[in-house]
Amino acid sequence: MLKKICSLALMLAMLVSSAAVAEVTNRDMQMMGGVVVSNGNDSFFFCPMEEGLTRHWGLYALSSCANGPILEISDGYPARLVHADSKNVYFLGYTDANRTVHSLFSVPVGGGSADELLKDILHAYVEDSDSFYYVTSENPYCLRRYNIETKKSMEIKDMTKSEKKIYDAVRASKDGDIYFLTTNKNGGEDGYEYHASSKKATNLDKPNPSHFTSILYEGYRLYSIDHGQSQIYSVKIGNKKAVKLAADGPAVQLNSPRFGDYIYGYDGESNTLVAYLIDGSDRRTLTLDGTTLSRLLMGGSKDEVFFYSGNAIYSAPADLSSKTKVIDFSMSTGGLMWTHIAPAKNAVIMMGYGPDSLTHQDTMLPTGVYAYDRTTGEQLFAFPLVKEADPNSTTPVDNTRPETLGDTPVEPRNETETYFVF
């Protein structure tokens with residue numbers, strides 16, 4: 001599945017007592033899976049137009065979602081939203097049967113036809129504003145950068161000679177320096193810093209204790225020392241000595257929620273949300289309302305996080321110094337397994353999967369979408385609709401989360417057939 005990609009600045013009104021304003025970048029959105037993007041005026045999301053494992057999808061603008069999509073995909077799977085500016089929305093769509101290769105498309109924010117801008121994207125990674133790093137399926141050893149505004153691609157570093165595949169990359173400085181990670185044919189991992197001035201890459205120091213696998217985040221290398229991720233360490237890039245995260249609290253993993261300078265865990269015994277500074281120097285806690293959570297559900301940005309607790313969605317500063325109830329919400333809503341809380345323009349969007357799509361969340365956008373005005377709590381969008389009980393019926397309505405899972409569909413096609421039709 002695609003990794004985290006590019007970034008765009010936008011403003012989001014916060015419903016907190018101080019009436020403060022938090023900046024939510026598109027990079028924050030990509031860290032949550034690229035399920036929503038926003039510009040200064042609106043937010044955009046994909047949603048199926050039929051229930052089940054359908055290839056019929058719509059791209060919606062939050063401001064006009066009641067009127068239908070701004071783009072209809074009649075046959076294909078969108079992979080993630082990438083960027084939105086004042087004129088266009090940009091997204092990736094799968095272009096092969098196994099849903100591993102992508103093309104970049106754009107569509108006007110007011111609706112219209114889609115244009116294909118870039119093909120053969122295997123993985124894409126966070127960069128800055130209107131650009132992103134990526135590798136192709138033809139050459140996964142070569143790191144490239146694509147600028148959405150200029151519609152130009154440039155080669156950054158080719159590791160073909162050493163047979164090292166690129167699997168993560170982030171910007172290191174405003175001067176164009178880049179940190180990136182590679183794996184060799186034996187699965188061994190190496191880290192590099194690319195220097196834009198010399199166009200050469202130098203090895204990053206191996207952390208101590210030694211690592212098994214790692215990710216790059218906010219100037220740090222977060223890594224596990226074993227396959228089971230029983231212990232997670234953090235080391236500032238450029239240093240060797242790492243610190244153990246969650247040494248005196250609930251465990252975290254590389255896929256645990258992380259926003260800004262914090263990575264989050266949950267203590268079920270005390271029903272407490274825990275935020276660890278990624279440098280390992282401090283931790284913050286917040287006691288939650290309601291009963292013990294079966295799993296931690298979070299979303300947000302470097303300034304504001306959202307979390308589920310006690311049949312409601314709350315917001316809090318990243319350091320968990322306070323909390324504010326945003327909307328009432330039941331985890332049984334829509335009969336879905338809820339997986340995302342995404343901030344949007346003056347709204348909160350809940351997203352999840354049904355029983356036939358839950359096992360595809362690595363290669364499919366959420367198939368259930370519920371959007372709420374965060375000021376009034378009004379429901380702005382809902383798919384699939386919540387089942388309402390018939391007062392004359394004795395049969396109970398089942399709105400519980402799914403327990404049965406489907407198999408990944410593979411749909412071979414002839415060479416003349418396309419995997420994406422508008």
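Is aspartate 289 buried, partly exposed or exposed, and what is its relative accessibility? Here are my notes, with one thing to keep in mind: this is a predicted model.

1. Let's settle that opening question. Aspartate 289 has 32% relative accessibility, so it counts as partly exposed. Its salt-bridge partner is lysine 323, and the closest N and O atoms are 3.1 Å apart. Look at where the two sit: aspartate 289 is in the loop between β25 and β26 (298-300), while lysine 323 is in the loop between β28 and β29, so their bridge ties together parts that are 34 residues apart in sequence. Lysine 323 is partly exposed too, at 30%.

2. Now find aspartate 319 and arginine 284, whose side chains form a salt bridge at 3.7 Å, N to O. Aspartate 319 belongs to the loop between β28 (312-317) and β29 (324-328), and arginine 284 to strand β25 (residues 283-287), so this pair ties together parts 35 residues apart in sequence. Aspartate 319 is partly exposed at 22% relative accessibility, and arginine 284 is partly exposed with 32%.

3. Next up is aspartate 190, which meets lysine 206 in a salt bridge of 2.8 Å, N to O. This one links distant parts of the chain: aspartate 190 is in strand β16 (residues 189-195) and lysine 206 is in the loop between β17 (200-203) and β18 (213-217), 16 residues apart. Aspartate 190 is buried, with a relative accessible area of 12%.

4. Lys164 joins Asp190 and Lys206 in a network of salt bridges.

Notes:
Residues numbered from 1 in each chain as written. Predicted model: local features only at pLDDT ≥ 70, side-chain atom pairs only at ≥ 80, totals over all residues. Heavy atoms only, no water. Salt bridge = Lys/Arg side-chain N within 4 Å of Asp/Glu carboxyl O. Helix = DSSP H or I, 4+ residues; strand = E, 2+ residues; numbered from the N terminus. Buried < 20%, exposed > 50% of the residue type's maximum accessible area, 1.4 Å probe, protein only.
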